[in-house]
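Welcome, and please open your viewer. We will take the tour one selection at a time.

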Amino acid sequence: MLSRLQELRKEEEALLRVRAALHGQLTRLRVEELALQSMIRCGQQSGTAPPPAVAEGAHKTLGQMDNEAAINQTELRLSLQGHEEEEEEEEESDS
């Protein structure tokens with residue numbers, strides 16, 4: 001019973017870390033969306049496309065977010081994998 005409670009606490013901690021990571025990523029995406037909308041509006045008002053440096057900077061930022069998303073996804077998989085292995089070990093020791 002106590003080990004199950006500890007297991008649930010570990011799972012809760014893992015889920016809270018995932019939640020925090022997803023919240024951070026969502027915030028970054030919202031900021032990026034607002035920046036891109038602003039660039040589009042500026043381009044439409046002036047009748048020109050955004051400067052290449054700005055467009056390149058936005059592209060790099062999106063690439064960085066893709067990398068962060070991939071890293072976060074990998075961390076999530078590893079944490080879930082470790083949790084599953086712990087469960088298997090506990091099941092084997094219970095048998």
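A salt bridge here is a side-chain nitrogen of Lys or Arg within 4 Å of a carboxyl oxygen of Asp or Glu. Keep that in mind as you explore this predicted model.

**Whole protein.** Begin with everything shown. You will find 2 helices and 0 strands. Of the 95 residues, 9% are buried.

**Helix α1.** Now select residues 2–46, which make up α1. This helix has 45 residues and spans 66 Å from its first C-alpha to its last, close to the 66 Å expected at 1.5 Å a residue.

**R4 and E7.** Stay in α1 and show these two side chains. R4 and E7 are 3 residues apart, about one turn of the helix. Which kind of contact do the side chains of R4 and E7 make? They meet in a salt bridge, with 2.9 Å from N to O. The structure holds 1 salt bridge. Side chains of opposite charge can pair when their charged atoms come close.

Is E7 buried or exposed? E7 counts as buried because its relative accessibility is 11%, under the 20% cut-off. R4, with a relative accessible area of 43%, is partly exposed.

**Buried positions of α1.** Next, select E7, A14, Q25, E32, M39 and G43: these are the buried residues of α1.

**G47.** Finish just after α1, at G47, where the backbone takes a positive phi of about 80°.

Key. Residues are numbered from 1 along each chain as its sequence is written. This is a predicted model: local features need pLDDT of at least 70, side-chain atom pairs count only at pLDDT 80 or more; totals for chains, interfaces and linings use all residues. Side-chain values use heavy atoms; hydrogens and water are left out. Helices (H or I, at least four residues) and strands (E, at least two) are DSSP runs, numbered from the N terminus. Buried means under 20% relative accessible area, exposed over 50%, partly exposed in between (1.4 Å probe, protein chains only). The expected span of a helix is 1.5 Å times one less than its number of residues.
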